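Have a look at it first, then read on.

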Amino acid sequence: MLPISSLAARFFFIKNHRQSVPNLSNNAISYALVYNGEVVAVMTYDLTGGAVRGLQKANKYELLRLSIKHGTQINGGASKLEKQCEEAIRHFGCTEIFSYSNATINEGNVYKQLGFIQSAIETGQAYVVEKDFRIRILPDCGVHGDHSGAKNSDIIKRGAIKVHITANRTWIKNIEL
C-alpha cells in the first residue's frame, strides 16, 4: 500500500476506469495497491470544498474513484485501500465520507461491503439514444418519480428508441473512531 500523487492516480484512472477522470485538487488523498512492483488498484478521495451536485457538503471527503487494473482480480483490495484512505482522512479531522454511484448500472455492492449506507437515490433527466447514437434529452415530464410522460413521448411512440433515466445513489459513512 503506497500513497501516490494525484497525477499518478489520474493516469491510472485514465487507463483503467470507464468513466472520465475528474480534476483532483491538492487536497486529494490517493493510495495504490502494489503487487510484484506493479500498481494494480487505486482509490482516491478529494475534499469537496463546498457544494457538490447542488448539496452542501463542506469539508467532507468524497470517494471519487476506485479502479482495479483491467484483467486483475484482488480479494480484499478495496477494503485495504479504504482503510488507508480513512486513516489519512481522519488525520484531517473529517468524520464522515460520502460518494455517489450510478443507480442505473449497479446496486452499489462495493459501497455496502466497505461499510457505506445508502442515504438517498435521486433520479435525474430522461433521455434517449437516437439511432445515430446522439443523446436527446426529453422534456421534463415528472422524471423525479413519475416517468410515464417520458415513456409516452412522441419519440418513443415511433417505436425505435428506449428511454433511459439518469439516477445516482448517495452513500455516506461515519469514520469516527
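Which residues form one aromatic cluster? They are Tyr111, Phe116 and Trp171.

## Before we start

This is a predicted model, where local features need pLDDT of at least 70, side-chain atom pairs count only at pLDDT 80 or more, and totals for chains, interfaces and linings use all residues. Residues are numbered from 1 along each chain as its sequence is written, and side-chain values use heavy atoms, leaving out hydrogens and water.

## The aromatic pair

Searching the whole structure turns up five aromatic pairs (rings of Phe, Tyr and Trp, the last by its six-membered ring, with centres within 6.5 Å; planes under 30 degrees apart are stacked, over 60 edge-to-face, the rest tilted). Tyr111 and Trp171 make a stacked one, 5.3 Å centre to centre with 5 degrees between the planes. This pair links distant parts of the chain, 60 residues apart: Tyr111 is in helix 3 (residues 109–113) and Trp171 in strand 10 (residues 163–174). Helices (H or I, at least four residues) and strands (E, at least two) are DSSP runs, numbered from the N terminus.

Tyr111 is buried at 11% relative accessible area, and Trp171 is buried at 1%. Buried means under 20%, exposed over 50%, and partly exposed in between, using a 1.4 Å probe and protein chains only.

## Two sides of helix 1

In helix 1 (residues 6–16), the buried residues are Ala9, Phe12, Phe13 and Asn16. They sit on the same side of helix 1 because they cover an arc of only 100 degrees around the axis, taken from the directions from the helix axis to the C-beta atoms. The face turned away from that buried side carries the exposed Leu7, Phe11, Ile14 and Lys15.
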